[in-house]
Amino acid sequence: MGKMILASSSPRRAEILKDYKLEVIPSPYKEKHTKTAFSYNYVEDLAYNKAKAVANLIEYPALVIGADTVVVLGDEILEKPKNELEAFNMLEKLSGKTHKVVTAIVIIDTKTGTFKKNTTTSNVTFENLTKKMIKLYIEKYKPLDKAGAYGIQELPPGFVKSVEGDFENIVGISSKAFSKLLAEF
């Protein structure tokens, strides 16, 4: 099987998968956010492209893991916000509503070129958030590096009404889904 490489700069993914002793190589793939309507193919393609960009750099047998997480409200993808105003607007949109958090995982075998993928969906329902709650959260946590402008693991009490599905998926990657996908190799 060779080495296992996580093609991600996410400290949250690295932490969730720490027991797997993965080498971390941030993917040089530059996401082109031209699509705003959600599809599973879209998020799976992003995960594949992240893994493929690192796999192309590797000259030895390895399994390269790519992942991408998107927050989806209706069919609109809420990517990482570009600034605090965009973060505020995203959180205001999510207030009082249920949204999906979708994480695609792709593993590429550099020796054979084969790949496998898995996509996990969780649902998060936010409480009705006040403008003050949103502003204080953004000031304290600076969530510009997170899809949907939030990290569920750092949200203060009063933000989340309910969660359905895999909590780790919402943080950035499901260890259960990853383990199941890895077993296919």
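# Reading a predicted model: a tutorial

A: Thr-119 is found in strand β6. The model is predicted, and this residue is a place to begin.

Q: How many residues does helix α2 have, and what does it reach from its first C-alpha to its last?

A: The general idea comes first. An α-helix has 3.6 residues a turn, so residues three or four places apart point the same way. Helix α2 covers residues 40-55, which is 16 residues. The helix reaches 22 Å, close to the 22 Å expected at 1.5 Å a residue.

Q: Which residues of α2 are buried?

A: The buried ones are Tyr-42, Val-43, Glu-44, Leu-46, Ala-47, Lys-50, Ala-51, Ala-53, Val-54 and Ala-55. The elements that cover them include β1 (3-6), α1, β3, β4 (76-78), β5 (98-109) and β6.

Q: What should be read from the phi angles of Lys-21 and Ala-149?

A: Most residues other than glycine have a negative phi. Lys-21 is not a glycine, yet its phi is positive, about 55 degrees. Lys-21 sits in the loop between α1 and β2 (23-24), and with a relative accessible area of 71% it is exposed. Ala-149 also has a positive phi, near 70 degrees. Ala-149 belongs to the loop between α4 and β7, and at 0% relative accessibility it counts as buried.

Q: How many aromatic pairs does the structure hold?

A: There are seven aromatic pairs. Ring planes over 60 degrees apart count as edge-to-face. In the pair of Phe-126 and Tyr-150 the ring centres are 5.0 Å apart and the planes stand at 65 degrees, so this pair is edge-to-face. Phe-126 lies in strand β6 (residues 115-126) and Tyr-150 in the loop between α4 (131-141) and β7 (160-164), so the pair ties together parts 24 residues apart in sequence. Phe-126 and Tyr-150 are buried.

Q: What kind of aromatic pair do Phe-126 and Phe-159 form?

A: The pair is edge-to-face, at 6.4 Å centre to centre with 80 degrees between the planes. Phe-126 lies in strand β6 and Phe-159 in the loop between α4 and β7, so parts 33 residues apart in sequence are tied together. Phe-126 and Phe-159 are both buried. One aromatic cluster is formed by Phe-126, Tyr-137, Tyr-141, Tyr-150 and Phe-159.

Q: How many residues line the largest pocket, and which of them lie nearest its centre?

A: The lining has 30 residues, of which Ser-10, Arg-13, Lys-50, Lys-80 and Asp-145 lie nearest the centre. About 580 Å³ of space lies in the largest pocket.

Q: Which elements supply at least two residues of the lining of the largest pocket?

A: Those elements are α1 (11-16), β3 (62-73) and α5 (167-171). Strand β3 gives the most, with four residues. By class, the lining has eleven nonpolar, nine polar and ten charged residues.

Technical notes. Residues are numbered from 1 along each chain as its sequence is written. This is a predicted model: local features need pLDDT of at least 70, side-chain atom pairs count only at pLDDT 80 or more; totals for chains, interfaces and linings use all residues. Side-chain values use heavy atoms; hydrogens and water are left out. On a 1 Å grid over the protein atoms alone, a cavity is a set of points where a 1.4 Å probe fits but cannot get out, and a pocket is an open set with protein on both sides within 12 Å along at least five of seven lines; lining residues have an atom within 4 Å of a point. Grid points are joined across faces, edges and corners, and a volume is the space filled by probe spheres set on the points. Ala, Val, Leu, Ile, Met, Phe, Trp, Tyr, Cys and Pro count as nonpolar, Asp, Glu, Lys and Arg as charged, and the others, Gly among them, as polar. Rings of Phe, Tyr and Trp (its six-membered ring) pair if their centres lie within 6.5 Å; planes under 30 degrees apart count as stacked, over 60 as edge-to-face and the rest as tilted. Buried means under 20% relative accessible area, exposed over 50%, partly exposed in between (1.4 Å probe, protein chains only). The expected span of a helix is 1.5 Å times one less than its number of residues. Contact means heavy atoms within 4.5 Å.
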